[in-house]
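Let's walk through a protein model together, one piece at a time. Keep the picture open while you read.

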Amino acid sequence: MSIASYTQSRKSALSASVWFKYASPQLFFPLAGKLIPVFAVISAVLCIIGAYIGFFVAPTDQQQGDAYRIIFLHVPAAWMSMVIYLAMAFWAGIGLVMNTRLSSMMATALAPTGAMFTVLALWTGALWGKPTWGAWWVWDARLTSELILLFLYIGFMALQASIDDLRRADKAGAVLALVGVINVPVIYFSVQWWNTLHQGSSISLRNAPSMAITMLVGMLVMALGFWAYSIAVALLRVRCIVLERERHSDWIKQYVVSMEK
Amino acid sequence: MLKALHCVIRRDLLLAFRRRADVLTTLFFFVIVATLFPLGVGPDPVLLRAMAPGILWVAALLASMLALGRLFALDYADGTLEQMLLSAEPLSVIVIGKVIAHWLVSGFPLILVAPLLGVQFDLPGRSIMVLVASLLIGTPILSLIGAIGAALTLGVRGGGVLVSLLVLPLYVPVLIFGAGAVGAEMSGLGGDAHLLLLGGLLACALALTPWVTAVALRIALE
């Protein structure tokens, strides 16, 4: 056994350097391909369970009746819109600082899903607001900052789409995404900092939740389902981006040939 | 470093004064937009007074944003910007100089005209003073944040509309606190809190945005 392979075999799977090889699009591509069905199945199962809990198991709310059940879409979508923005900014930042192509491709892949969840959160929020508040939309801090988040996603996608040089597009988008990160804490803490019509936090790390346990469980299951969905879709999209960008490399030509067989 | 700053400001002001038309069009855009709203919503003075802070601030915001095209594009086109990137002076200092000159030429005239427009909307005297103060603190923030957008979109097709899409979400806090200051003054609460928050935003922007703009310029010109 050579020294190099001996050293390699001494590294446990916990060592980060073992995983760094997946920063190469060529090695990440098949890994992503294997992971997509796994996360898609997890997402489908969790979403079905969460929807079942949400519509059949969770009790009717004392004040809001059955209209509250949109919480099982609204809150997970809003959580995902913020989490995906943070993930997008993270990968864009890694791509900017460490000059890795794949990180920037991942950020580009995450953006449309994040924008979709933001639209879903705003839309379901409006559908919830009409029966409970009497208004489709109010200009309070949380709704306004979530709307700003949608504009930030759209701005990111527009900027990357309008720059022809792909590496420049990656870096410019990264700067924009990182500047916009400040908005996510604003959304999260807006219900504490301002008098808003929007409900405050019912879930805290320190106190018991102020909502029924079945509702909480249903919401968390849906949130995990949405998270698995986001991962599956982002991996699928990043594979498409890799195919587009690296299409001149040999490994893709071989991959296409093997697919055609 | 201060000498470089002074040089950059002097050069930009000189260039702007040679093309006074560009500068004046920004100012007249502000005046025209602010005049369009009363024509659109009707002459009811109570309504106009209530809407004035928002309208004047949005008009100032749009005028400031339209002027961003002049910040880096002309220097980028003739190669001066590349020389600025190569200079021994810190790029952040050069950026601050350009932003100061840009504000003096596009933001400051708005502040001078604002009292006139305030009268057009029948704003009380104290509110006009708060409006001027909020614009005085707020328009530099608009120029600083706008510089990031201008640097990111250098030479990119899509032009001014793309800059608007990028920069307007970042302008929103300035708009909220700026217009909010005048609104608070009119409702009797006093605009102090909002003006202080605006001051905080200005301090933050002054400290951070030149560096971000410098990074964006290097990305755009590599």
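This is a predicted model: local features need pLDDT of at least 70, side-chain atom pairs count only at pLDDT 80 or more; totals for chains, interfaces and linings use all residues.

Residues are numbered from 1 along each chain as its sequence is written, while chains are lettered from A and ligands numbered from 1 in the order in which they are written.

Start at Lys21(A), in the loop between helix H2 (16-19) and helix H3 (25-57) of chain A. Helices here are DSSP runs (H or I, at least four residues), numbered from the N terminus. Lys21(A) has 11 other C-beta atoms within 10 Å, so it is exposed (12 or fewer; C-beta atoms are placed from the backbone).

Now find helix H4 (residues 71-98) and helix H8 (residues 183-193) of chain A, whose axes come within 10 Å and cross at roughly 155 degrees. Axes are lines fitted to C-alpha atoms over the stretch in contact, with angles from 0 to 180 degrees between N-to-C directions. H4(A) and H8(A) are therefore roughly antiparallel (angles over 145 degrees). Met82(A), Tyr85(A) and Leu86(A) of H4(A) meet Val184(A), Ile187(A) and Tyr188(A) of H8(A).

Finally, 16 residues of chain B are in contact with 15 residues of chain A (contact means C-beta atoms, placed from the backbone, within 7 Å). On chain B's side, H8(B) gives the largest share, six residues.

Methods. Helices (H or I, at least four residues) and strands (E, at least two) are DSSP runs, numbered from the N terminus. A residue is buried if 20 or more other C-beta atoms lie within 10 Å of its own, exposed if 12 or fewer, and partly exposed in between; C-beta atoms are placed from the backbone. Two residues are in contact if their C-beta atoms, placed from the backbone, lie within 7 Å. Angles under 35 degrees count as roughly parallel, over 145 as roughly antiparallel, 65 to 115 as roughly perpendicular and the rest as oblique.
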